[in-house]
Each structure stands twice: as C-alpha cells, then as structure tokens.
Amino acid sequence: MPKRIFSGAQPTGNVHLGNYLGALRNWVALQHEYESIYCIVNLHAITLPQDPKALAEKTRELARIYLAVGIDPKVSTVFIQSDVSEHAELTWILNCIARLSELERMTQFKDKARKQRENVGVGLFDYPVLMAADILLYQTDLVPVGEDQKQHLELTRDIAMRFNRDYGETFRIPDAFIPKVGARIMSLADPTRKMSKSDAESEVGCVMLLDDDDSVRRKFKRAVTDSGTEIRFNAERPAINNLLTIYHLLTEKSPVDIEDQFDGKGYAKLKEELADVTIEFLKPLQERVSAIDDVRLNEILGQGAARAESIAGPTLARAKANMGLIGTRV
C-alpha cells in the first residue's frame with residue numbers, strides 16, 4: 001500500500017503565489033506517489049473572527065483552486081473539514097491528552113496572541129490540537145508542512161505516542177515532508193518575511209492567484225531589491241534570491257541557465273520577465289477556476305467527505321473504544 005499524506009489550507013484571505021509554489025504545487029506532484037487527502041480547514045479559520053458569508057464563499061473558492069491547480073478528485077480525497085464531524089470529536093479527546101504547557105510553548109500562538117492581546121479565543125490556543133486530530137484521524141504517514149508548522153507536527157507526534165502508550169496502539173506516527181526548494185516564498189515587500197495573505201503589506205507583498213495582469217505587473221515592478229546589480233542566486237541577497245526562486249519554480253529552468261539568461265541585464269528586466277511568466281501561468285489557472293460550476297463542485301466535495309469519513313470514522317471509533325468511551329449506539 002502507498003503511504004498516505006494529509007494536508008490542508010485555511011479558506012481565509014486570497015490564495016497567493018507563495019501558497020502555490022510552497023504547498024499546492026507539491027500536493028499535485030505528491031498525489032501520484034502517495035494516497036493523498038487534501039482538506040479545506042474551515043474549522044481552523046474560525047479560531048479568529050470571520051464574516052460568515054465571506055468564509056462560506058472563500059471555502060468554495062479554495063476548493064475550486066485545489067482542483068484548478070491540478071489536484072485530481074479521482075486520485076485524491078478533497079473535502080471540507082466541517083463536513084466530517086470526526087475532526088471536532090477527536091479534538092476533544094486529544095484535548096484530554098495534550099498538556100497545557102505544550103500548547104503554551106507554541107510560537108505561532110505566542111505571535112498571534114501578542115497581536116490580539118485580550119481578544120484571544122480558546123480556539124486559537126487549541127489550534128494545534130485540532131491540527132493533530134486532522135492528521136491522526138487518517139492514519140497519516142507524511143504531512144507536507146512549511147518550516148513554521150514543524151513545531152505543530154512535533155506536538156502531533158507527541159500526542160499520538162502518548163495516546164498509544166497509555167491506551168494501546170491507535171494512531172500512526174506521522175513524519176514531516178518539507179520540500180527542499182520553494183518551501184518558503186518570501187514577501188515582495190520584505191524578503192526577510194514569508195509571503196503571507198494575512199500580512200498587512202499583502203497588497204504589495206503578495207501576488208494572488210486570482211490577480212489580474214495589471215496587478216501582477218505592478219507588484220513585481222514595486223518588489224524590493226538588494227544593493228548591487230548582479231543577478232545571481234545568493235541566500236545573502238534575499239530579495240533577488242526570492243525573485244529568482246519564483247522564476248526558477250515557474251519556468252523549471254535551471255539556476256545556471258537563469259543566471260546566464262539575465263547576465264548583464266538589470267533588475268527591471270528580471271521583474272518584467274518574471275511578471276510575464278507569472279501571468280502566463282495564472283491565466284489558464286483562473287480560467288479553470290471559473291469553469292467549475294456549483295453542481296460539479298458539490299458532487300466532488302460530497303464524494304470527498306464520504307471517502308474521508310470512511311477512514312476517519314473507524315479511527316475515531318478505535319480511539320473511543322481504547323479509552324473506554326463505549327456508548328449505546330451501534
């Protein structure tokens with residue numbers, strides 16, 4: 001049997017080029033090597049206040065994007081998290097296994113709590129346990145994660161091992177899958193920070209997958225650069241290195257060929273050609289997003305939820321039985 005992978009994204013804000021190059025692109029490739037389960041994690045989204053109508057619209061938009069970038073529902077399981085109630089139920093069980101001190105050490109919570117201060121909800125604090133439930137429900141082998149999620153995955157592993165030790169073998173222990181290239185696409189406005197749709201500078205720092213041509217050109221034209229004029233891959237010059245990495249991932253040209261291509265040319269030429277290849281990539285993707293009608297989308301998501309439940313249900317039942325949670329329902 002092929003190994004199983006699980007991953008998901010929140011339906012908040014707009015999906016950007018960093019999301020595609022750092023995650024979605026890898027998901028498409030991985031689905032042909034592993035049994036793949038890809039979720040729209042809308043329960044994670046409500047750990048912060050959301051407009052209900054916008055959240056519902058963005059949930060369906062993200063599902064369309066999953067399909068448009070190449071995730072094949074005949075090969076992969078695609079579903080909305082809240083359609084599978086086992087996620088919420090297993091989260092409560094794992095809450096009784098997780099330690100308060102473990103959650104207090106989560107750096108993402110500390111960062112978000114610092115911004116929210118007294119308005120921090122319990123859901124935001126408990127976010128990593130919900131993530132653990134997401135992963136463990138599907139007896140996951142590999143989790144494609146960015147560097148910023150590694151700490152959450154380590155917590156997932158700790159919770160699973162503790163449960164297995166105390167209540168009997170129940171969950172598979174997952175490992176991280178972190179691609180060597182493209183895992184961290186940086187902001188065009190500040191290349192020391194990861195491109196983020198929640199960033200205050202996202203209007204200039206992020207190229208969105210649904211941006212029009214003028215927006216793409218404007219954002220690359222305004223992208224910050226390093227001092228000097230040489231166009232080379234160099235981690236010590238993060239701005240140019242970021243632009244070249246995006247160009248490399250979109251064109252699949254080798255770094256050597258790209259450096260030769262831009263030898264003796266200025267930053268303006270690099271930005272212009274980078275905008276061209278980005279628009280060339282985005283246009284057919286946007287057309288595919290628009291072509292997925294509601295009837296077809298509902299069918300795909302319904303089938304995905306049923307397939308997900310067929311795996312999640314037995315896992316939850318085993319966890320409950322092993323803890324002694326035996327009810328009257330058959």
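Gln139 touches Arg4, Thr170, Phe171, Arg172, Thr315 and Arg318, leaving aside residues up to four places away in sequence. Contact here means heavy atoms within 4.5 Å. The model is predicted, so local features need pLDDT of at least 70 and side-chain atom pairs count only at pLDDT 80 or more, while totals for chains, interfaces and linings use all residues. Residues are numbered from 1 along each chain as its sequence is written, and side-chain values use heavy atoms, with hydrogens and water left out.

Where does Gln139 sit? Gln139 lies in the loop between α7 (122-136) and β4 (142-144). Helices (H or I, at least four residues) and strands (E, at least two) are DSSP runs, numbered from the N terminus. Gln139 is buried, at 9% relative accessibility. Buried means under 20% relative accessible area, exposed over 50%, and partly exposed in between (1.4 Å probe, protein chains only). The side chain of Gln139 reaches the backbone nitrogen of Arg172 at 2.8 Å. A polar contact is a pair of N or O atoms within 3.5 Å; within protein, one must be able to donate a hydrogen and the other to accept it, and residues adjacent in sequence count only if both atoms are side-chain atoms. Phi of Gln139 is positive, near 50°, and this residue is not a glycine.

Glu252 also has a positive phi, about 65°, without being a glycine. Glu252 belongs to the loop between α11 (238-251) and α12 (255-261). Its relative accessible area is 63%, so Glu252 is exposed.

Now take helix α10 (residues 213-221). Its buried residues are Ser215, Val216, Lys219 and Phe220. Seen down the axis of α10, they fall within an arc of 125°, so they line one face of the helix. The arc is that of the directions from the helix axis to the C-beta atoms. Asp214 and Lys221 are exposed, on the face of α10 turned away from its buried side.

The axes of α3 (residues 52-68) and α14 (residues 294-323) come within 11 Å and cross at roughly 80°. Axes are lines fitted to C-alpha atoms, for helices over the stretch in contact, and angles run from 0 to 180 degrees between N-to-C directions. Arg60, Ala63, Arg64 and Leu67 of α3 meet Asp294, Leu297, Asn298, Ile300 and Leu301 of α14.
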